[in-house]
Amino acid sequence: MDSLHAKHEALVTIEELWSTLNSFRSKQSRHPHSKYRYDPGEYQEVCNLRREKLTYPEIATRTGLSLRTVRRWLGEGKQPFTVTNPAIEKLRDIGLAPLFMDDERILPLARLLGATFADGCLSQSSDRWYSVCFIVSCERSGGADEVARDLEKLGFRCSRHTVTRTGRINGRSFVQETEQVRCSSLALWLLLKTLGAPSGSKTDMAFQIPAWIIQAPKRVQYEFLSTYLGGDMSVTRSSRAHPRSFNACEVSFNKREDLADNGRTLAVQIALILTGFGVRTTRIQVSPSRVQRLDGRKSVTVRIAFSNSNASMENLLRKVPVQYCPRKRIRGDLVAQYTALKMRLGSRRTIPFHDWADSAKEGLDNTLLQWDRVERLVSVDCDDVRDLTVDSAHTYVANEFLTHNCDYDIEGSVIGNTILQYACNRAHTKALRMKFSTMTEKELRFGFQKLDSKPEIPLVDAGKCRHELDWLYGINLSRLLTESALRQGRGYATLSTGRVQGPTLGFVVEREEEISYFVPSPFWTIDATIAHNGKTHSLEYEIDKIASQAEAKGICDECRGALLDVKAVESREIHQYSPHPFDLSSLQSEAYRHFGYSPARTLAFAERLYLDALISYPRTSSQKLPPDIGYREILSGIASYAEYRPLVATLMTRGDLRPNNGPKDDPAHPAIFPTGESPKRPLSGGEAKLYDLISRRFMATFADASLKTSSRIILNHNNHRFLLSGSNFVTLGWFEFYRPYAFDDSRPLPDLRVGDKATVQDIKSVERFTQPPHRYNPSSLLKKMEDANIGTKATRAGIIDLLYARGYVREERMRASELADKVTDTLSTYCPLIIDPSFTANLENLMEEIQNGTASRRGVLVEGLEHLRPIMLSLAENEQEIGSQLSDVIVAQKVADVTFDTPCPKCGLKLAVVRNRGTGKRFIGCNGKWQVGCNFTLPLPQFGNLTLLTRHCNGCGFQMVQARSRGRRPLVSCPRCYATKAGGTKLGFSMNRIPSETLREFPSAT
């Protein structure tokens, strides 16, 4: 492909950018100080009038310009193209104005221009002319990462949003999720607009491909097509009736019916460019479209059909790029390779294309399959080969050589072994094991060079035994509980339990019982203060809790206004060693403490970072960092971030880097650490926060211990002793590296020495009460599960989410529901083993023995069945009674889940959650609709599982609600305050947005 040729004339000049900026002058501000008010024609007119020796005021009156503008142009010599404009100056600063064809950045610009033609547009606000945006909507087939990368190369920032698009095709409605890439930059908007990008809806415009693209070198056309065809190109397809033939290779797009001629002109331009790549166009067809426009206008589909000849097919699939749509590109590669093999081997010797393509899995990244080395074709039945790596010298599909590179732990070993055994014709006996903990290219290559042929039978048996026990206990017990309640005929509810879920729910219910049975006891404390050098300091009385009010009152009376003597000043040094590296549990706890992320959400973010090769494998229980990961290389990598650079420089000056490893170990993976790789896409939100937490924790593990001085001043009065405690950092040590996640709790002490005196400024007794134990939150429950040795590091977070999904617990501070109490009570009566954590922990130990080779999988399963059989018999005998009790609770909880404690502010009756049968939307309605005609309503969140909380709004007293969506932080809000702020209703009045007919469709929630 030819290279870029230098052009003497600029492709984009400053004057052209100003012309584009002034092209929508009618929308500009008329303020005299506007920076966008200049026009070259007006400037020439002003100069001509000046030559006629008119004064500045006369010129301003004649032209209608402001006197300041005339003075700037003539008196100060400020020409229109030299006046400062932020957008144009930014293009000038980054070297994009003027722009020449030999500039390498013309290539990403050509790709962005093609993306604008295919899946994007240049939008502009009708109210504010300067509020513009570059938008590209990428479908599931990809492209968002590439668009963001090109924008970053050019020096522009972007944001990404998931958008749901709806419409109708051929009489049927469709819903499509797309990812939008947005860049709200006037500079980028001006540049792309000047280069010929369309603005507005492409289906309503007669846009054409810019002439400079048609005349540009092949390399520029290549990049333009790579994104344009990635959005609109339909890659060649084969039919099931004729599996060895290909048809319907075309480029298609829609236009309004009155723009059909312009659409044909655009198709001719596309065909002209493709001709230069050796792709022959057979016909251009305009036919009625099956797409139904929202405005009711008719539309047409413009199709460019290509020749199916071998030469044209080869050029289309090999030379014409599709970069912003990986699935189409891979599909094209498969078709091209299959066509070449069919020509070489003959149709009779090749299997049908669909069987071959299904084996290859076109969704894989194309770099994993080396199709050039294929020698023969083997039909393989495999549903998922994402974890099977193909060696460049021995292709799996071709020569049946493969490596097992699933995660090196129990779950990964079971998955890989199962695929190899059942989907790959018992290949587990000859496959080689690839071990790695990060997705970096360096470690992947090293792992591939050090393949292990040692079988993993004990590890696989332990994993399979875990799955089988979970199935035996979970499926059977859950099904019995669910069906026993269902047979009562009072509605359906999914009830579940299991060998891990049962004890976990038992922890929550047991804590709830402790809280409900807790009887608070009163006690009194002494709060006293002294003043020294103009500052007030709080004192602690030597006795924390005083049993009687009379004793506390006596202490206060005796010490009020007394002069305290400083009897001693004690001080000691405390060394706080640097923290251990993260294992998964400690990472989830820290993320919950600092960000409020649930364990499942933290794991989801960590897995994304791992797949992007930014951190090591997150599902680990190790707190050790081995030296072979390369401490200095990782630190040098994360030093690319400006905020880490001074911290890394401090660590690099140390002679020897030794992390403060913790006691926990994992034979499969080390502790979690950053890889030092640069991100291939911008990190934002939870991913960026979690990466920062992991990076700072990694640096902190190498830092010195912090030195802290803890001091205490002892003050006496008669027989009463008061304490004044404080602390101060001598050296920060690792605290400096772990900010803002490590807090400085220093508390300076007054300058008091032995023999000094201080007067009591204020003293009082405060009545307090003993507090019940705190309810579990997701982080503390995760720690409880870990301490009890139930579940695994990979499944504990899912169990906690399942408790919320089943309705067993509510709120962030986990409150057990009535259903949880009844299920736990039933299980404790008929099968207490299932909620006994020691029983589950014993099974976990037995599975560890399987892994170590000291126990057999069959023996553990037999033991588990011996415990399960009497449990099932006991439950089956009492199924009727169990179902009756559970169904009563289920019905009561369903009513309670939708009924508010707060009465209707208009009529005083009950409020409940109702749902519109037509739209499916939920809202709060009053039961008085059918009694007194009350039509009070309030809005509710439409997404997530809705929970009515027990706490009330501090502002209006209304009951709070919580919407919990998977992978997101729970949303807690007050419906009444939200409606008031949104202007939807006034307190005590009804909302008229929801018609009264809607409420009539629903029965009362009570």
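This report covers selected helices, loops and backbone features of a predicted model.

## Basis

The model is predicted: local features need pLDDT of at least 70, side-chain atom pairs count only at pLDDT 80 or more, and totals for chains, interfaces and linings use all residues. Residues are numbered from 1 along each chain as its sequence is written, and side-chain values use heavy atoms, with hydrogens and water left out.

Helices (H or I, at least four residues) and strands (E, at least two) are DSSP runs, numbered from the N terminus. Buried means under 20% relative accessible area, exposed over 50%, and partly exposed in between, with a 1.4 Å probe and protein chains only. Contact means heavy atoms within 4.5 Å.

## Helix H22

Helix H22 covers residues 599-611. The expected span of a helix is 1.5 Å times one less than its number of residues. For the 13 residues of H22 that gives 18 Å, and the end C-alpha atoms are 18 Å apart, so the two agree.

The buried residues of H22 are Pro599, Arg601, Thr602, Leu603, Phe605, Ala606, Leu609 and Tyr610. An α-helix has 3.6 residues a turn, so residues three or four places apart point the same way. The cover over the buried residues of H22 includes helices H21 (584-595), H25 (685-700), H27 (778-788) and H28 (796-805). Just after H22, alanine 613 takes a positive phi of about 65 degrees.

## H3 against H4

Helix H3 (residues 56-63) packs on helix H4 (residues 67-75) at an angle of about 120 degrees, with the axes 9 Å apart. Axes are lines fitted to C-alpha atoms, for helices over the stretch in contact, and angles run from 0 to 180 degrees between N-to-C directions. H3 and H4 are therefore oblique to each other. Angles under 35 degrees count as roughly parallel, over 145 as roughly antiparallel, 65 to 115 as roughly perpendicular and the rest as oblique.

From H3, Tyr56, Pro57, Ile59 and Ala60 meet Leu67, Val70, Arg71, Leu74 and Gly75 of H4. By class, this contact has seven nonpolar, one polar and one charged residues. Here Ala, Val, Leu, Ile, Met, Phe, Trp, Tyr, Cys and Pro count as nonpolar, Asp, Glu, Lys and Arg as charged, and the others, Gly among them, as polar.

## Backbone exceptions

Most residues other than glycine have a negative phi, and most peptide bonds are trans. Asparagine 533 is not a glycine, yet has a positive phi of about 55 degrees. It sits in the loop between strands S13 (522-532) and S14 (535-541). Asparagine 533 is exposed, at 67% relative accessible area. Asparagine 718 also has a positive phi of about 55 degrees. Its loop runs between strands S16 (706-717) and S17 (720-731). Asparagine 718 is exposed at 54%.

Alanine 97 and proline 98 are joined by a cis peptide bond, with omega about -5 degrees. Proline 98 lies in the loop between helices H5 (86-93) and H6 (106-119). Another cis bond joins arginine 739 and proline 740, with omega about 0 degrees. Proline 740 is in the loop between helix H26 (735-738) and strand S18 (757-769).

## Two individual residues

Glycine 474 belongs to helix H18 (residues 457-486). Its relative accessible area is 14%, so glycine 474 is buried. Leaving aside neighbours within four places in sequence, glycine 474 is in contact with Leu469, Arg479, Thr497 and Gly498. Serine 496 is 22 residues away along the chain, with a C-alpha separation of 7.1 Å from glycine 474.

Aspartate 258 is in the loop between strand S6 (250-256) and helix H11 (260-275). Aspartate 258 counts as exposed, at 51% relative accessibility. Aspartate 258 and lysine 298 are 40 residues apart in sequence and 8.7 Å apart in space, C-alpha to C-alpha.
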